[in-house]
Amino acid sequence: MSATVLQRRGWLRAMGLGPGSVLAILLLSLGGMLGLFDLVLSIAHITDGVLESKNGNTVLALMLVFAMATLLAAYYRHRREALLQAMAERLGLALRAEALQAAIRRAARRDLVAGLDLLGDVAAAQRFVAGEAVAGLLDLMGAAAALGLVFHLHAGFGWILLAGMGATALLGLVLRRVAGPAAATGEAELAAAGHELAGQLVHADLVRGLGQLPALLGRWQRRHEAALGLADMAAARSDAIRELQMLVAALTMMGLTGSGVLHVIEGRGTIGLVLGAVLLGQFALRPLAGLVQHFEAWQAGTRAWARLRRALAEEAQVTARPPLTEARPGLVVEDLGFHPVGRDQPVLTGLGLALAPGEVLLVEGGNGTGKTTLLRLVLGLVPPDQGRVLLDGQDTWFCDRGTLGARIGYLPQDVQLLEADIFTNIGRGPGAPAELVVAAARMAGAHEMIGRQPLGYQAPAGTSAGLSAGQRRLVGLARALYGMPRLLVLDEPEIGLDGAARQAMRAAVSQASAAGAVVLVATHEPATWADLAGHRLRLEAGGTFEWLAGGPDESDMERHRAAAG
Ligand SMILES: Nc1ncnc2c1ncn2[C@@H]1O[C@H](COP(=O)(O)OP(=O)(O)OP(=O)(O)O)[C@@H](O)[C@H]1O
């Protein structure tokens, strides 16, 4: 298992925090407050002196100094916030690449929402680090120091303040209990409803063409309102507790002032002492009160952080395994099984096969019998529940995608082209050698069609581009053939192609096979491909299958098992 960036570097290092920066943040947090405390104590002493000397100028000077000290404290806070902001940005940089990888994996496992949530969680973790919640937590150090000073001034004041702080902390815990779960569910539901609505953009033609927008909006509104109901309930509870917290703060201040006045009347203390205790009391209560006030940010941040850590740790378990040198070359599928959660029947059970380089397998079967699922298992896009798939000895699930991806050609049933030009799509990214791109396009029978585009290879190919469905398929085939893959997987490739394009596709398959690629074709039209295929597998509902031609040579599979272990 390879460690996540958080495990490798630790979360402090991931935020670019060395001992020096931690110290700087602590000092900036403490520095601002301790400076103020010192001044508060001086004010207390001087006030008593002024009351005796009755010198108004001293009071004015004091107020001026206090204002300056407050400004200085604000400057410290500003510096600290800038530091926290920089940390948040570094954290985002460190996590984004891993989170994106994990999100893509999840989306490939048909869990698009979890993938989107993961990216949202990176942003939420960043907001959390840079926001009020972490700053409030840091200020708690200052609060403890202020409480200590109040105890130092007078133990009675200290106990009153401690009671106020304790009650505030207790309210925080109650808030977590009564509002936390509803807020969490509301937040998740709001996000899911938003994702659902945003997801419909992909189906713009359908939504507009069939006039489905009102129905979609209605459905979204119902989900959204239900989620808002939960969020409102949590907010109402939070508001009530916040009111209580403000009452506790007022009572604490009243307690300090009242008992202070009594002390003064009884001659056991001075006005300066009371002033000092009340000012320090306010400093001590503020951070705890802030944690209650910013409870939602605190909760959302910790939840996002926990989800992110869990997801990245889960993804870190999918690490590249070294290829088995003893395994036979080509494609080996061992005892493959897939049973999605929540379904009565498996999609596939106990499939074994071995295809040498150059061999072609046709995968047949009715709708929903698992053809696409088998291809996606072979490609390592979904983890098998049982068994494994080896391409030239490399496990296709536990692999380095960068390396394996370059050896694979895949034309999905629903052709997906990136929002880029044709050249970039075929070359699988910018900067591909032009001769390889053109060779792939020629092999796919797409070169002339591309030449007829106004911008040729530079013509845009994404969803918003003007390519027809068949033209998109040809570009997709050229991308699959780019770099002459070791494994070529075509999912119902003939759909929407005219006679000439089908001929070109057949020729491409036989050329790839002659060059040593293992080829898998899922099809509803076996007659188109049968003469090219040495093996024909028919999938049945419920995970069973039948070999119509070829199939695994049992003694061969046995030899492979013995060698590969
Ligand atoms: N991750 C998954 N979770 C739940 N169900 C899944 C998952 N992957 C596949 N299935 C189910 O497996 C079944 C087989 O789907 P698949 O797309 O493989 O069929 P197919 O043979 O390619 O169908 P068609 O010929 O219509 O394209 C479907 O009912 C699908 O819902």
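This is a predicted model: local features need pLDDT of at least 70, side-chain atom pairs count only at pLDDT 80 or more; totals for chains, interfaces and linings use all residues.
Reader: Which strands does helix 11 lie across?
Author: Helix 11, residues 371-379, lies across strand 1, strand 2 and strand 4. Its direction is at about 125° to strand 1 (axes are lines fitted to C-alpha atoms, for helices over the stretch in contact, and angles run from 0 to 180 degrees between N-to-C directions). Helices (H or I, at least four residues) and strands (E, at least two) are DSSP runs numbered from the N terminus.

Reader: What is the strand order in the four-strand sheet?
Author: The order is 2-1-4-5 in an open sheet with antiparallel pairing (two strands pair if DSSP finds at least two bridges between them). Strand 2 (348-355) and strand 5 (394-395) stand at the edges with a single partner strand each, so one side of each has no neighbour in the sheet.

Reader: How many bridges join strand 1 and strand 4?
Author: Five bridges join strand 1 (residues 331-338) to strand 4 (residues 386-391), in the antiparallel sense. Within that pairing, E334 stands opposite R388, and L331 has L391 as its bridge partner.

Reader: Turning to the ligand, which residues are closest?
Author: The closest are P340, N367, K371, T372 and T373, out of 14 residues that surround the ligand (a residue is near a molecule or strand if its C-beta atom, placed from the backbone, lies within 6 Å of it). This shell holds two nonpolar, eight polar and four charged residues (Ala, Val, Leu, Ile, Met, Phe, Trp, Tyr, Cys and Pro count as nonpolar, Asp, Glu, Lys and Arg as charged, and the others, Gly among them, as polar).

Reader: At what angle do helix 3 and helix 10 pack?
Author: Helix 3 (residues 56-108) and helix 10 (residues 295-316) pack at about 70°, with their axes 10 Å apart. Helix 3 is therefore roughly perpendicular to helix 10 (under 35 degrees is roughly parallel, over 145 roughly antiparallel, 65 to 115 roughly perpendicular and the rest oblique).

Reader: Which residues make that contact?
Author: Helix 3 contributes L95, E98, A99, Q101, A102 and R105, and helix 10 contributes L308, A311, L312 and E315. The contact comprises six nonpolar residues, one polar and three charged.

Reader: How do helix 6 and helix 8 cross?
Author: The axes of helix 6 (residues 155-199) and helix 8 (residues 213-265) cross at roughly 175° and come within 8 Å. The two helices are therefore roughly antiparallel to each other. Their contact involves 27 nonpolar, eleven polar and four charged residues.

Reader: What is the order in the six-strand sheet?
Author: That open sheet runs 6-7-8-3-9-10 with mixed pairing. Strand 6 (408-411) and strand 10 (545-549) are the edge strands, each pairing on one side only. The twist from one strand to the next averages 15°.

Reader: Which helix packs on that sheet against strand 6 and strand 7?
Author: Helix 16, residues 469-481, touches both strands, and its direction makes about 165° with that of strand 6. Strand 7 (residues 487-491) also pairs with strand 8 (residues 518-522) in the parallel sense over five bridges, and L490 stands opposite V521 there.

How values were computed:
Residues are numbered from 1 along each chain as its sequence is written. Two residues are in contact if their C-beta atoms, placed from the backbone, lie within 7 Å.
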